[in-house]
Amino acid sequence: MSMPKLELVNLTKQYDNADVNAVDGINLTIDAGQTLALLGSSGCGKSTTLNMIVGLERPTSGDIRIDGVSVVDVPAGRRNVGLVFQDYAVFTSMTVRENLAFGLEVRKTPKAEIQRAVEKVAELLGMSDKLRVSARELGGSELQRVAIGRTLVTRPSILLLDEPLSNLETAARLAMRQELRRLQRDIGLTIIYVTHDQVEAISLADRIAVMNGGHILQTAETHEMCERPSHVFVAGFLGSPPMNLLRGTLEPAGNGHLFHAGPLRFALPHTAGGAEPLAADGARNMVLGIRPEDMALCPADQGLFAGAVALVEPRGHESVVTVDVGDAYIKVVTPMRNAPGEDETVGLAVRAESLVFFDGETGQRSAHLHS
Amino acid sequence: MTSTNKNHIPEDSWDVRDQPAAALALDMAAVCKRFGGKTALNQVSFTVPTGSLTVILGPAGAGKTTTLRMAAGFDAPDQGGIALHGVNAEGVEPKDRDIAMIFDNLALYPNKNGFENIASPLAIRGLPRKEIQERVAALAETLHIAHVLNRLPKTMSGGERQRVALGRALIRSRRLYLLDEPLSSLDAQLRIELRAELKRLQRERGYTFLMATPDFNEAMALADTVIMLREGRVVQVSTPQELYDAPVDRETALFVGSPQINLLRAAITGEGSAIETAWGTLPLPPHMRGIAAANGEFELGLRPEDLELAPDARTGLSALLVDVEPLGLKSVLTVENAPGKAAFRLRLLTGSSHARALELGQPVGITLPDAGRLLAFDVQSGRSLLL
């Protein structure tokens, strides 16, 4: 077995005068050549994690290993970890070539070697013809490429990108995502993306680790995480719109189950969520998850839910329809031609096997009702 | 965030103003504005009906903020007129316009907590304490900031601060709210959540919103009417769906929709019965009969979601797969006719489980099951040939 490129072991950061840990005992392993996205909202601990990997902050406890060797005591500049910030940190008074060469000149690398490295990286980034251009004249995506190039010339063993695309306009962002995927394929770098944007994470990374409140709630292959979130937070975070989540009680009833959430009550067939029968006394607090793509509009008297359309949000070929089902809003994605009018009463048909349940206390996907 | 259960907003009387509303909150007529030698706005005309949510959509530098500043009275037009609620606004001071302007980055009072920040406009007006508390609590609930009411701004996240700022602007009754990219500094997920809340709030309270954004998703999701602005000109005024289905020109088609629309050089052949492209020949769909293409040549627009992957590489147009971009349940495939030739690239959407089975570089077939949504643009001017 090959050694992981980067390991985080029980990594914890507690700031003075804070009563909770900013990063609370996280474990993470990244193999060489893998891309991983650390995904979470602001304040979840992802930036603190990144700063500890780079060496800008010292962990309170736990370990960081690169190629199997602890780097906690290695100063930031010697870890061979490249960091590209959200703000490009490109010197606008310099040309592209001077910017790219900067990191190597600081290290007193021989001139001929700098020249070779700069030209190679410029070619990789498709900027060979821009080397003499002043950085002041560059657009956002070009600046971002220079920022990445500045880091790449130093041949980091791990590249960390902090919200790499958030300063770019939509079109440039799409192009840059394609560029980053190509770059990663071509040079096989180990890359960690730190982002709050699920689209960025999903489109760029092989694996995703979702963080919240200093914890990693799930680490999984990207498609696995999209299809089978293991924690209710992940289910409520991923997807556009994310899964509908209804907190309620599940109890055995006849041949199946009865789920109720406030005034909402409905029977679920045995197969729902791959459900196994609960114990006879087994009423449990559960969160029911239904993906907006797993429902279809139907006549009001035929669905699992019915209610008035509160909101229709078109997005081109489809619409996100929000239905007020009494005590909750349910979102469903429907083809544009089926979109109802606002205030219309509609039913929502759900395939029973697409329902998922999360434990009401732990938030974990229910093992009891596991498919 | 982990529950879709509702936030109840107590009904009260503070949502709409007492005076009778004019049909149009804002009417801009041929407004022109130059800064230095540069034209910022060029004959900008549009209306904002009272109680509507109108969105100005455009890239950076299109003139969105300038337009809002004109409406607010911070800048005066060089030419053209602005009427607010049916009354000429010329010479009316910003403070007398009954307008609230909400920016991307609003300053908060650093020494006041969340509650005091939101309540400050009401406290100045001397409302009873109990009423202030109820209003702030209801609004804070909707904006998901109940937990920061007792905290100082410096202990809030950027998103929380922005929501407090929104709350402070919305707590006052105004006949017109001007929102300048109010959500752009928020996290992606929060932005999507909050925009639905904003729209619901707008509907429930009967607010009139004029909002500027560079994000077409936001415009599509929110707007009753979209004003498409480019280089200081209004290029299209339409519902979000019309903007997507029938863009007036190529630039608008490219700007609205993700993944971006595919454009291919095309020509009408076979005595007007077929479209010929570098990818192959298609029958001319009924809606494109009789288009006035110069020399029979035009630019064909194909939305990525209208293209499908054929069951095998021999069916449909043949191409090589060059990129796969997963987006969750769906993925964007980029294909080209020959490696390295960027001239003939197409993007299409397909299910992610299907996309994962594909390998880069492999030949694939592309079909167009429904040609009824194809768009056509003039090669030179970029104008739609279908309108």
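How many residues of chain A are in contact with chain B, and how many of chain B with chain A? Chain A brings 45 residues to this contact, and chain B brings 40. Keep in mind that this is a predicted model.

Let me stay on that interface for a moment. On the side of chain A that touches chain B, several elements give two or more residues. Among them are helices H6 (198-204), H7 (222-227) and H8 (232-237), and strands E11 (244-253), E16 (305-314) and E18 (329-335). Helix H5 of chain A gives the most, with 6 residues.

Now chain A as a whole. It has 8 helices and 20 strands. Its C-alpha trace spans about 80 × 45 × 40 Å along the principal axes. Chain A has 371 residues, and 46% of them are buried. Take the contacts in chain A between residues at least 6 apart in sequence. Of these, 66% join residues at least 24 apart.

Next, the cores. The largest nonpolar core has 103 residues. Which of them touch the most other members? Leu160(A) and Leu348(A) do. Domain 1 (6-227) and domain 2 (237-359) of chain A both give residues to this core, so it lies between them. Look at Leu348(A). As a general point, nonpolar side chains in soluble globular proteins tend to be buried together.

On to chain B. It divides into domain 1 (24-245) and domain 2 (252-377). Their C-alpha centres lie 38 Å apart. The contact between them takes 7 residues from domain 1 of chain B and 4 residues from domain 2 of chain B. On the domain 1 side, strand E10 (233-238) and helix H7 (240-245) of chain B each supply at least two residues. That side has 6 nonpolar residues, 1 polar and no charged.

One helix of chain B deserves a look: H3, residues 129-142. Its 14 residues reach 20 Å from first C-alpha to last, close to the 20 Å expected. Its buried residues are Ile132(B), Arg135(B), Val136(B), Leu139(B), Ala140(B) and Thr142(B).

After H3(B) comes His144(B). Its phi is near 60°, a positive value in a residue other than glycine. His144(B) sits in the loop between H3 and H4 of chain B. It has 17 C-beta neighbours inside 10 Å, so it counts as partly exposed. Glu231(B) is not a glycine either, and has a positive phi of about 45°. It is found in the loop between strand E9 (225-230) and E10 of chain B. With 15 other C-beta atoms within 10 Å, Glu231(B) is partly exposed.

Last, two cis peptide bonds. In chain A, the bond from Ser240(A) to Pro241(A) is cis, with omega near -5°. Pro241(A) is in the loop between H8 and E11 of chain A. In chain B, the bond from Ser258(B) to Pro259(B) is cis, with omega near -5°. Pro259(B) lies in the loop between helix H8 (250-255) and strand E11 (262-269) of chain B.

Conventions:
Residues are numbered from 1 along each chain as its sequence is written. Chains are lettered from A and ligands numbered from 1 in the order in which they are written. This is a predicted model: local features need pLDDT of at least 70, side-chain atom pairs count only at pLDDT 80 or more; totals for chains, interfaces and linings use all residues. Domain bounds come from an automatic or database domain assignment. Two residues are in contact if their C-beta atoms, placed from the backbone, lie within 7 Å. Helices (H or I, at least four residues) and strands (E, at least two) are DSSP runs, numbered from the N terminus. Ala, Val, Leu, Ile, Met, Phe, Trp, Tyr, Cys and Pro count as nonpolar, Asp, Glu, Lys and Arg as charged, and the others, Gly among them, as polar. The expected span of a helix is 1.5 Å times one less than its number of residues. A residue is buried if 20 or more other C-beta atoms lie within 10 Å of its own, exposed if 12 or fewer, and partly exposed in between; C-beta atoms are placed from the backbone. A nonpolar core is a set of buried Ala, Val, Leu, Ile, Met, Phe, Trp, Tyr and Cys residues joined through C-beta atoms within 7 Å.
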